[in-house]
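Here is a friendly briefing to keep beside the model as you look around. Take the topics in any order you like.

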Amino acid sequence: MSNVEAEPVEVRCGTAVEAESPAGTARIDVLTPRDVPLGGPRAMTVRRTLPQRARTLIGAWCFADHYGPDDVGETGGMDVAPHPHTGLQTVSWLFSGEIEHRDSLGSHAFVRPGELNLMTGGYGIAHSEVSTPRTTVLHGVQLWVALPEAHRATARDFQHHVPEPVTMDGAEIRVFLGSLAGTVSPVATFTPLLGAEIVLGPRATVTLAVDPGFEHGLLIDRGTVRLADVLLGPAELGYVHPGPGTLTLTNESDTAARAVLLGGTPFEEDIVMWWNFIGRNHEDIVKAREEWQSSSDRFGAVEGYPGGRLPAPVLPNATIRPRGNPPRH
């Protein structure tokens, strides 16, 4: 699902709380989400953890929406008309439900639990997302990856991958990007990245070897998980600064807990992100919006969606300024 806010804002909302950690352990900030209704009287509300004022990116991960469990009988489910993307990749990962994906590359695929759909916008792509009639409960995450300057105008692309689960110490792990727990995803990325779903059995503890040059984020879906010495609840994201070579996760509850672990090398470029576009300056955003509104060839056409395209919101009456992460210290 994409950013279909009627009035997307430049301001990063939310708070970060730097947790106290003993010397020599992982330094962790706790990021809390804000609720974002995605339009309409029966709007499905998502919990948005990235971006926010305290942190714009984790590695190249620049956008994280966590949604559900959503009863589609009450909300109507997901029906996002064709809309554009530039300068990014979208990563769709479901816990339950099914979404039909169509894009201007000609891809027609389904997003299902435990299966990765990765779409590269690059210079420009358009796609639609609709929950299927088989879906009763929709639940998952939608993530974006910022493309580095050298590749942000790359050709549109679509990849699908079904990672095999691996088990260790009471945890079941599905690695959809990068490498973890002895598993390597075959999906190519433009910067070093990690993406994995981790299900922890009741009271289980797992210690994972990770790249110390990465920064990491652990997004909790359900349960209560202790990351190093910091307790995280549902919808919270624990940000781990670069440095540790291992991460220890403990399920503090008597039922299974689930989380998504993200990681990557620090992304050193400032970005401008507005609506569904990522650029490097205000002019990039203005140009992309104009070309979408004029139905230029830049984004192509989505075939098979029973309806019109999603119009772009009105630009803010101010210059949209580049943003990066706060300086590391």
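Arg-226 has Thr-250 in S24 as its bridge partner. This is a predicted model, in which local features need pLDDT of at least 70 and side-chain atom pairs count only at pLDDT 80 or more, while totals for chains, interfaces and linings use all residues. Residues are numbered from 1 along each chain as its sequence is written, and side-chain values use heavy atoms, with hydrogens and water left out.

**The sheet around that pair**

- Strand S21 (residues 225–227) and strand S24 (residues 246–251) are antiparallel partners over three bridges; strands count as paired if DSSP finds at least two bridges between them.
- An open sheet of four strands runs in the order S19-S24-S21-S22, with antiparallel pairing.
- Its edges are strand S19 (205–209) and strand S22 (230–232), each pairing on one side only.
- On average, neighbouring strands of this sheet are turned by 25 degrees against each other, direction ignored (axes are lines fitted to C-alpha atoms, for helices over the stretch in contact, and angles run from 0 to 180 degrees between N-to-C directions).
- Strands of a sheet pair through backbone hydrogen bonds, either parallel or antiparallel.

**The chain as a whole**

- The protein chain has two helices and 27 strands; these are DSSP runs numbered from the N terminus, helices being H or I of at least four residues and strands E of at least two.
- Of its 329 residues, 56% count as buried (buried is under 20% relative accessible area, exposed over 50%, partly exposed in between, with a 1.4 Å probe and protein chains only).
- Among contacts between residues at least 6 apart in sequence, 72% join residues at least 24 apart; a contact means heavy atoms within 4.5 Å.

**Salt bridges**

- The structure holds 14 salt bridges, each a side-chain nitrogen of Lys or Arg within 4 Å of a carboxyl oxygen of Asp or Glu.
- Asp-284 and Arg-152 form one of them, with their closest N and O atoms 3.2 Å apart. This pair links distant parts of the chain, 132 residues apart: Asp-284 sits in helix H2 (residues 282–293), and Arg-152 in the loop between strand S12 (137–146) and strand S13 (157–161).
- Asp-284 is partly exposed at 23% relative accessibility, whereas Arg-152 is buried at 19%.
- Arg-258 bridges to Asp-221, with the closest N and O atoms 2.9 Å apart. Arg-258 belongs to strand S25 (residues 257–264) and Asp-221 to strand S20 (residues 215–222), so the pair ties together parts that are 37 residues apart in sequence. Both Arg-258 and Asp-221 are buried.
- Through shared partners, salt bridges join Glu-149, Arg-152, Glu-269, Arg-280 and Asp-284 into one network.

**Nonpolar cores**

- The largest nonpolar core has 33 residues, and Trp-61, Cys-62, Val-91, Leu-116, Phe-176 and Leu-177 touch the most other members. Such a core is a set of buried Ala, Val, Leu, Ile, Met, Phe, Trp, Tyr and Cys residues joined through side-chain atoms within 4.5 Å.
- S12 gives the most to this core, with five residues.
- Beyond its neighbours within four places in sequence, Leu-116 has contacts that include Val-91, Trp-93, His-160, Phe-176 and Val-187.
- Another core, of 28 residues, lies apart from the largest one, and among its members are Phe-214, Val-225, Ala-257 and Ala-259.

**A look at Val-166**

- Val-166 lies in strand S14 (residues 166–168) and is partly exposed, with a relative accessible area of 21%.
- Not counting residues up to four places away in sequence, Val-166 touches Ala-171, Glu-172, Ile-173, Ala-181 and Thr-183.
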